[in-house]
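Subject: Structure handover

Hi,

Here is the structure I promised to pass on to you. Please have a look at it first, and then read my notes below.

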Amino acid sequence: MENVYIPFASEILEVIRHTEKEYTFRMEFRGIVKPGQFFEVSIPKFGEAPISVSGIGENFVDLTIRRVGRVTNEVFEHYQGQKLLMRGPYGNGFDVGSFLNGETVVVAGGTGVSPVRGVIEALSTSEQAKKKYVIVGFRSPDDMLFRTDLKNWAERLNLILTVDRAEEGYAGNVGLVTKYIQDLPLADPSNARAVVVGPPAMMRFTIIELQKKGFRDENITVSYERKMCCGLGKCGHCRIGGKYVCIDGPVFPYNEAKVLLD
Amino acid sequence: MGYFLTREAFDGVVAELGKRFRIFAPVRKKGAGRFTDTDVILYDTVRSGSEIVLDAKSDYAFKEALTPLSEVLFYFTEANTQAASFDDRPILIFARACDMHALQRMDQIYLCNGPEDPFYRRRRELVHFALIGCSESFPNCFCVSMGTNVAPEGWLFSVDSAPDGCACTVPDAGCAPLFAAAAAREIDAAPCHVTENKVRVCVPETVPAAVRTHSLWDEYTVRCINCGRCNFVCPTCTCWSMQDISYTDNGNVGERRRVAASCMVDGFTDVAGGGQYRRKNGERMRFKVLHKIYDHRQRFGNDMCVGCGRCDDICPEYISYSNIINKVYDAAREG
């Protein structure tokens, strides 16, 4: 029997530096992957960490990694041509096709942009790109990820790029993502769809704003981040109520997610 | 139909079975209990029937024979990995009715929740069971309320302690000749099971959202010391954490293990960057209890808890989990 715990070695094809603490590692991988899915990335001696897919190509997956823990610190010591161990992809991922028709709003905060990058990319190239609204928030101008993408998205769909705080004289938007939701010029919020990914507090308040705007819970999609040791429904760390984030999620419709209490 | 065996004859049968199986059974460790001069009953390998404790509940569950507290998954040398070899001799585990039900819960997690776990599967294939009958209910048991007082099928033989010997039934054709040859006489026998416990619980059919934030949990924020003993003795707690170690002589060589984890202990939900869920012990208690009597049922159709009461036996703060179930039931009825 195939042993699902044994990782494979994958070559780092390229390292894309976004900020001091956030790099994208382009990893060699051939296989079917969906935006919103994740890999368990590991380094012997340091352990494993679940990392969501931020980009998908014919022979690669992009993993955008924030340097915040024991494993990710060590990942940052690796360079192009070296290898990392991986298992996956895991999780359900986003059903990208379901967001292409009609009005769609994506609200993403910080590294939460990674799992929805593929969704935004698809929206930006869809025929109805003019009906797509994307609100992306970062802590500060220095924390911005995917700058080239942001520029491209701004040209093709309705992008609101904002930062929580900035030094005086900053020309862009300053304020939390929640600030922009009520002013979105939507024709029919009750039938519009929304995707929300980011830190827990940001997600909580964004959903409240969306509900106020008239969004229905079943039309809001969220993606959760939890501690995971297996990605396979076994270790129990990611369970919330009757759901396992690793195999039932990490993407949930909000009408299901709202009854889950950590 | 069954057999009556003298103690000596039963010892002989176990010794004979020891040639075919590695036998795990509850044994008494003298003076190794939590308090001075107290014993502990836990699972260990045995070679003789006299070592097996038939007349008391084990403090720890049989699960360690199937899922060791610490298990090497694979060894690594730089980026190369090699799955750990393991002992592939057949295993015989002495267990009670509640434990046999707990096995079904373990199977649900390891074999049915997502893809099959290869390490569990390979050991599970080797495991056989002997049923220890329960002629009376032990302290804190509430198996009758949980519907786990009668063992599901799947054991090779049963053994009940009787005056001067053991009463056994042997549904397994492979073991029957061994018992027949050793028996003092044939008897009418069926494995004993209890039909009443002193402790009774009512499990709510549904748990309204209000119960999850109910004030009943606050008490446990104060009383519980989140030591995790309740998880480690529970026959149905299966959670684990991944752990890497490297050897001091050569840091490029090491192993990846999984080790038993507890949802009550700090760190269970920690994510990189400092995120944490369920900081309060009362919230952790709610998470654990509702998993055992509600959340698991939503997924698999049966409750996870088997009513063995080991968590109540072991708690250093004398928290009664069965009491909590009844409080949840009352709170659920309030709505």
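Let me start with chain A: residues 24 or more positions apart account for 66% of its contacts with a separation of 6 or more. Two residues are in contact here if their C-beta atoms, placed from the backbone, lie within 7 Å. Before going on, please note that this is a predicted model, in which local features need pLDDT of at least 70 and side-chain atom pairs count only at pLDDT 80 or more, while totals for chains, interfaces and linings use all residues. Residues are numbered from 1 along each chain as its sequence is written, and chains are lettered from A and ligands numbered from 1 in the order in which they are written.

Chain A contains 6 helices and 15 strands; these are DSSP runs numbered from the N terminus, helices being H or I with at least four residues and strands E with at least two. Its radius of gyration is 18 Å, close to the 18 Å from the globule rule for 262 residues, so chain A is as compact as a globular protein of that length. (That radius is taken over C-alpha atoms, and the rule is 2.2 Å times the number of residues to the power 0.38.) Along the principal axes, the C-alpha atoms of chain A fill a box of roughly 50 × 45 × 35 Å. Of the 262 residues in chain A, 51% are buried. For burial, other C-beta atoms within 10 Å of a residue's own are counted, with C-beta atoms placed from the backbone: 20 or more is buried, 12 or fewer exposed, and in between partly exposed.

One residue to look up is Q80(A), in the loop between α1 (70-75) and β6 (83-90) of chain A. Q80(A) counts as exposed because it has 11 C-beta neighbours inside 10 Å. Leaving aside neighbours within four places in sequence, Q80(A) is in contact with I12(A), L13(A), E14(A) and V15(A). The C-alpha atoms of Q80(A) and E14(A) are separated by 5.3 Å, although the two residues are 66 apart along the chain.

Now to chain B. Its domain assignment (bounds come from an automatic or database assignment) gives domain 1 (2-66 + 83-187) and domain 2 (209-238 + 262-334). Taken over C-alpha atoms, the centres of these domains of chain B are 27 Å apart. Contacts link 22 residues of domain 1 of chain B with 18 residues of domain 2 of chain B. On the domain 1 side, α3(B) gives the most, with 9 residues. The residues of that side divide into 13 nonpolar, 5 polar and 4 charged; Ala, Val, Leu, Ile, Met, Phe, Trp, Tyr, Cys and Pro count as nonpolar, Asp, Glu, Lys and Arg as charged, and the others, Gly among them, as polar.

Chain B also has an open sheet of 4 strands, ordered β5-β4-β12-β11 with antiparallel pairing. β5 and β11 of chain B are at the edges with a single partner strand each, so one side of each is left without a neighbour in the sheet. Strands pair if DSSP finds at least two bridges between them, and 7 bridges join β4(B) to β12(B) (residues 253-260). F74(B) has R256(B) as its bridge partner in β12(B).

Finally, the contact between the chains takes 37 residues from chain B and 35 residues from chain A. β11(B) gives the most to the chain B side, with 5 residues. By class, that side has 18 nonpolar, 11 polar and 8 charged residues.

Best wishes
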